[in-house]
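Student: I've got a new model open and want a quick tour. Can you walk me through it?

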Amino acid sequence: MKVLDRYSRQIPVIGEEGQRRIRETSVAVFGVGGLGSLVARYVVGGGFKRVVLVDFDAVSLPDLHRQILYTAEDVGRPKAEAAARALRAVNPEVEVVPVAEPISPDLADEVLKGVDIAVDALDNWAARHVVNAAAVKRGKALIHGAVQEWYGHVTTVIPGKTPCLEDLFGRFKSLPSCVGFCPVLGPAVGVVSSLMALEVFNAALGKPTLAGKLLVVDLKHMAFDVLEVARNPSCPVCGV
């Protein structure tokens, strides 16, 4: 009855078999800031088996308008540790593992060895491409999202089937990065991160909705566009 009580609003939607699949799925969230904190909150609340939180940053005061896991008391504390503490209180049935280390190829590869799904909730393209390469190497689904001001996008990378991030974005070296300062509206982060969290559930259930698609979100005008994206066999990361 404990499982039914905790997940009683979710099981009628995904079924008992769906809940079993979620319970057997582990997820790594790279970046536990605006996007990653809400993704992690939904994933842990949903009863996934194990959630690894990778973030080397500390909580700062400007984070609090959008990073829902943290309070003013967390300012100055490592995000991975503060997030893990908050998430364990939400659902002690889920194993939550904080990793407060800088992202590197070795770290990304080691983390992805032990999970089924990766989430790219990072704020810079250099780190994103490191995680992307590790996900392709390990053959792990990668849910990617980004947000700035009123706008964002989400896509799902399935190695061998869809374009990877290098394929989609590698040529655009001037894409904005949010290191240091990123103008963004809190609710816009909430919308994009919720879409990412939904894709984590979809991927765990075997039906990633945004595989081979790029969802572009314009929340200033409440416009949503879905672009079909084809895989390039010549991509230096995910090409054959």
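Predicted model: local features only at pLDDT ≥ 70, side-chain atom pairs only at ≥ 80, totals over all residues.

Student: Okay. Where does L219 sit?
Tutor: L219 is in the loop between β7 and β8.

Student: Is L219 buried or exposed, and why?
Tutor: L219 counts as buried because its relative accessibility is 9%, and the cut-off for buried is under 20%.

Student: What does L219 touch?
Tutor: Leaving out residues up to four places away in sequence, L219 touches W150, A188, V191 and F224.

Student: Step back a bit. What's the strand order in the sheet?
Tutor: The order is β3-β2-β1-β4-β5-β6-β7-β8. The sheet is open, has eight strands and shows mixed pairing. Its edge strands are β3 (95-99) and β8 (223-228), each pairing on one side only. From one strand to the next, the twist averages 15°.

Student: In what sense do β1 and β2 pair?
Tutor: Parallel, over five bridges. β1 covers residues 26-30 and β2 covers residues 50-54. V27 stands opposite V51 in β2.

Student: Which strands does α8 touch?
Tutor: Helix α8 (residues 186-204) packs on the sheet and touches β1, β4, β5, β6, β7 and β8. Its direction makes about 170° with that of β5.

Student: Now the core. How many residues are in the largest one?
Tutor: The largest nonpolar core has 40 residues. V27, F48, V51, L53, V119, M196 and V200 have the most contacts inside it.

Student: Which element gives the most to it?
Tutor: α8, with eight residues. Elements that each supply at least two residues include β1, α3, β2 and α4.

Student: Pick L53. What is it in contact with?
Tutor: Setting aside neighbours within four places in sequence, the contacts of L53 include V29, V32, A40, A80, L87 and V96.

Student: And what about another core?
Tutor: Apart from the largest one lies a core of 28 residues, among them L107, V111, L142 and L165.

Student: Which residues of α5 are buried?
Tutor: In α5 (residues 105-113), they are L107, A108, D109, V111 and L112. What covers them includes β1, β2, β3, β4 and α6.

Student: An arginine next. Why does R128 count as buried?
Tutor: R128 counts as buried because its relative accessibility is 5%. The place of R128 is in helix α6. A polar atom of the R128 side chain lies 2.7 Å from the backbone oxygen of L122. Among the residues R128 touches are D120, D123, H144 and L165.

Student: Last topic. How many aromatic pairs are there?
Tutor: Two. F48 and F201 form an edge-to-face pair, 5.1 Å centre to centre, with 90° between the planes. F48 is in the loop between α3 and β2, while F201 is in helix α8, 153 residues apart. F48 is buried, with a relative accessible area of 0%, and F201 is buried at 15%.

Student: And the other pair?
Tutor: W125 and F169 form a tilted pair, 4.9 Å centre to centre, with 55° between the planes. W125 is in helix α6 and F169 in helix α7, 44 residues apart. Both W125 and F169 are buried.

Key: Residues numbered from 1 in each chain as written. Heavy atoms only, no water. Pairing = 2+ DSSP bridges. Helix = DSSP H or I, 4+ residues; strand = E, 2+ residues; numbered from the N terminus. Axes fitted to C-alpha atoms, helices over the stretch in contact; angles between N-to-C directions. Contact = heavy atoms within 4.5 Å. Buried < 20%, exposed > 50% of the residue type's maximum accessible area, 1.4 Å probe, protein only. Core = buried A, V, L, I, M, F, W, Y, C linked by side-chain atoms within 4.5 Å. Polar contact = N/O pair within 3.5 Å; in protein donor to acceptor, adjacent residues only side chain to side chain. Phe/Tyr/Trp six-rings, centres within 6.5 Å; stacked < 30°, edge-to-face > 60°.
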